[in-house]
Amino acid sequence: MTERIKDLITRLQEEHSLSEAEYAELITGRDKEAAALLAGMAEKTRKAVFGDAVYTRGLIEISSICKNNCLYCGIRRSNPQAERYRLTAEEILSCADEGYTLGFRTFVLQGGEDPFFTDEVLCGIVRELKKRHPDCAVTLSMGERSRESYRALHEAGADRYLLRHETADAGHYAKLHPEEMSFDNRMRCLQDLKEIGYQVGCGFMVGSPFQTPETLAKDLKFLETFRPAMCGIGPFIPHRNTPFRDEPAGTLELTLFLLSVIRLILPEVLLPATTALGTIHPLGREMGIQAGANVVMPNLSPVSVRKKYELYNNKICTGEESAQCRGCLEQRMKSVGCYLAVARGDAPGYTGQRM
C-alpha cells in the first residue's frame, strides 16, 4: 500500500468524502494491505453504530414476469427459457405469516416489473400485510413506477423502497439497458421516493460489463450525495440466457473493498451482504459482514418457485425451507461474532413520520 492510498483511506474515515477522481484513484491503487486496513475501519465503524446486530429482511420474490429487457437479467422479457410465475396475494401473505413466526420483522416484496401488480393490487397486499403484522416494516422492490404510484403505496403502509440505480454514469447505464429505459427516469424515481418519505435503497453491480474505476467513482460520489438509507451492492454474475452470458463475473475482492468504502462514506447506512456474494464464494456473506455489511436477506419465497426467480446463474438457497435459511444464516453470523436481530432494523434517525 502506497502512502498516497493510505492517506486517501485515512481522509475517507475522517471526512466520509473524497473527490470523484480520488475515489477512482483509490480503486485503481488498491491492494490486499489497503483492503485489510479499510475492512478493519469499516467493521469498527459498523460496530460503533450497530453493535454486533445483523438485521434480517425476509425476501419474498413475488413474480418472475418482467416487462423490461435489461441486458444482464435472467428474467428479462426476451428470455424464452425463463420459467414465469406470479404469487397470489394469499401466497405472499402466507410467506409473511411464516416469516413472522421465524422472527422476521421486515418483509421485502421483490419482483420483475409485472404489469399485473397495479397500484390497486399492490396497495391491497401492503395494507393486509401491515394489518396482520403492524409491528413490521414493508419494503417494496418493484422497479420504476410513477410518483403517484409511489405515494399511493407509501400511504398504504410501505415503509421502504429498494431501487438499484445500477450505475451513476448515464453512458454506462445505456450500455446495460434497452433504449426504452432511461437513466434520467431511474434518477427521477429515486428522488421521488426520497421526497415522499420512504427509507430509500439504491445500489449497483460490481464488475458489470463496461464498468471502469471511473464509473465506480461516480457510483460512490452519487451515494455520498444522495445519502440512501440502504445500499445494495453485489458482484455481477452472468446469466446463460442473456446478451452478457460470456462476460466475466464481478470479483469477491472488489465487492468487499467497495462495501468497506461505502461503510466509511455512510456510517449509518444499512448495507446487505447479498445472496450474490454468497453465490460467488461459500463464505461470501460472512466476509461481507467483516467488510462492513450489517444486513442479510434470507429467502421466504415458496420453495416451488425459488429456482424460477433466476436473475443470474447458480443462485444459492433455492432448495431450502424458510426456517433452514434463517437457521443457516444464524450460525453463519455467529461464526463472525454477530447475531441476527429480531427487529425492524430501521435506518438510524428514522422517525416513521409520513408525508
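Predicted model: local features only at pLDDT ≥ 70, side-chain atom pairs only at ≥ 80, totals over all residues.
Residues are numbered from 1 along each chain as its sequence is written, and side-chain values use heavy atoms, with hydrogens and water left out.

**Terms for the elements**
- Helices (H or I, at least four residues) and strands (E, at least two) are DSSP runs numbered from the N terminus.
- Axes are lines fitted to C-alpha atoms, for helices over the stretch in contact, and angles run from 0 to 180 degrees between N-to-C directions.

**The helix pair**
- In α2, Glu20, Tyr23, Ala24, Ile27 and Thr28 meet residues of α9 that include Pro213, Leu216 and Lys221, where contact means heavy atoms within 4.5 Å.

**The sheet**
- Six strands form an open sheet in the order β2-β3-β4-β5-β6-β7, with parallel pairing, and two strands pair if DSSP finds at least two bridges between them.
- The edge strands, β2 (58-63) and β7 (230-235), each pair on one side only, and the twist averages 20° from one strand to the next.
- Strand β5 (residues 160-162) pairs with strand β6 (residues 199-206) in the parallel sense over 3 bridges, and Leu162 has Gly201 in β6 as its bridge partner.
- Helix α8 (residues 183-196) packs on the sheet, where α8 touches β5 and β6, and its direction makes about 150° with that of β6.
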